[in-house]
Amino acid sequence: MAVVSTSLNSQVTKPTSVSTQFSGLRRACSKFDYNSLSLSSATRSFFHNVRSHLHISSSRRGCRGVVAMAASGKFFVGGNWKCNGTKELITKLVSDLNDAKLEPDVDVVVAPPFVYIDQVKSSLTNRIEVSGQNCWIGKGGAFTGEISAEQLKDIGCQWVILGHSERRHIIGEDDQFIGKKAAYALGQGLGVIACIGELLSEREAGNTADVCFRQMKAFADTVPSWESVVIAYEPVWAIGTGKVATPQQAQEVHVAVRDWLKKNVSAEVASTTRIIYGGSVNESNCTELAKEEDIDGFLVGGASLKGPEFATIVNSVTAKKVAA
């Protein structure tokens with residue numbers, strides 16, 4: 001598996017003086033001093049940039065004092081089927097998912113193309129919830145080609161994916177438009193998988209934090225509550241490319257996003273909101289990614305079209321338990 005070479009944290013060596021303890025699925029730790037780390041200039045610049053935004057002191061934020069990873073206490077794995085599938089393929093995929101043995105303490109969601117949602121809802125086990133891949137910014141009406149949150153609810157969806165990079169960079173949806181869609185969907189009783197992430201050029205320019213924080217602000221400015229929001233960090237350069245962020249790269253961004261929530265929303269929201277990773281997640285890399293403290297699950301693309309492989313990713317929660 002190719003790994004992008006612009007690692008922000010590949011040369012970090014943790015000092016031996018840092019002690020760690022675990023509580024449930026969430027690790028509790030003593031104070032962590034960034035200045036005691038051996039950092040590359042790029043990594044030190046990244047943390048300096050994050051601290052300048054968040055006004056973090058030289059000591060690492062206090063670890064979340066919670067037993068589970070979020071309010072529901074569950075790992076979260078979503079499968080985004082995108083614009084893939086036929087009736088025959090989806091019948092086989094649903095059959096594989098129904099036969100799969102999934103760990104019980106994981107929230108599992110799949111997002112079929114809209115035209116197949118009814119087929120999936122009528123045949124998929126209730127163990128797995130169903131999501132839309134997008135919805136309109138408000139109530140339905142004369143909006144050709146769009147799908148309203150009310151329609152997703154009516155057909156039995158519990159979730160919707162909003163802000164995916166393909167909607168941002170191919171369709172042209174901007175931050176504010178996406179934030180308003182999220183607020184409306186939540187108001188209609190849907191859970192929102194809110195996607196954020198940077199382009200390769202933005203990472204190489206050292207702007208990962210700026211981009212993610214800007215996208216987060218658009219959600220924070222509009223959503224009435226974070227209780228039904230799952231944040232999906234998906235570096236655009238790792239989506240469908242075969243490249244994947246290292247566990248350390250993903251973890252450092254998740255930490256920065258959680259710290260942003262703590263400062264700009266509340267400590268409680270920062271502690272309870274699940275932040276999942278997406279970007280070429282598969283059965284080969286999910287276990288190591290799952291071990292990271294702030295990776296609370298995955299949003300899976302291509303691998304979610306293969307029932308047995310998707311089940312393996314769901315069951316990577318066992319690595320989280322071992323790490324804890």
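This is a predicted model: local features need pLDDT of at least 70, side-chain atom pairs count only at pLDDT 80 or more; totals for chains, interfaces and linings use all residues.

Student: Is R274 buried or exposed?

Tutor: Buried means under 20% relative accessible area. R274 has a relative accessible area of 10%, so R274 is buried.

Student: Which backbone oxygen does the side chain of R274 reach?

Tutor: That side chain reaches the backbone oxygen of K74, at 3.1 Å.

Student: How is the span of a helix judged, and what does α8 show?

Tutor: The distance from the first C-alpha to the last is set against the span expected at 1.5 Å a residue. Helix α8 (residues 208-220) has 13 residues and reaches 18 Å, close to the 18 Å expected. Among the buried residues of α8 are V211, F213, M216 and F219.

Student: Which residues touch the most other members of the largest nonpolar core?

Tutor: In this core of 70 residues, they are V77, V110, W226, I231, Y277 and F298. Helix α9 (residues 247-264) supplies the largest share of the core, six residues. Leaving aside residues up to four places away in sequence, Y277 touches Y233, P235, H254, L289 and F298, among others. A second, separate core has 11 residues, including A111, W159, I193 and L299.

Student: How many disulfides does a search of the whole structure find?

Tutor: The search finds zero. For C135, the nearest cysteine sulfur is that of C157, 10.0 Å away. A disulfide requires sulfur atoms within 2.5 Å, so C135 is in no disulfide. C135 is buried, at 0% relative accessibility, and C195 is buried at 1%.

Key. Residues are numbered from 1 along each chain as its sequence is written. Side-chain values use heavy atoms; hydrogens and water are left out. A nonpolar core is a set of buried Ala, Val, Leu, Ile, Met, Phe, Trp, Tyr and Cys residues joined through side-chain atoms within 4.5 Å. Buried means under 20% relative accessible area, exposed over 50%, partly exposed in between (1.4 Å probe, protein chains only). Helices (H or I, at least four residues) and strands (E, at least two) are DSSP runs, numbered from the N terminus. Contact means heavy atoms within 4.5 Å. The expected span of a helix is 1.5 Å times one less than its number of residues. A polar contact is a pair of N or O atoms within 3.5 Å; within protein, one must be able to donate a hydrogen and the other to accept it, and residues adjacent in sequence count only if both atoms are side-chain atoms.
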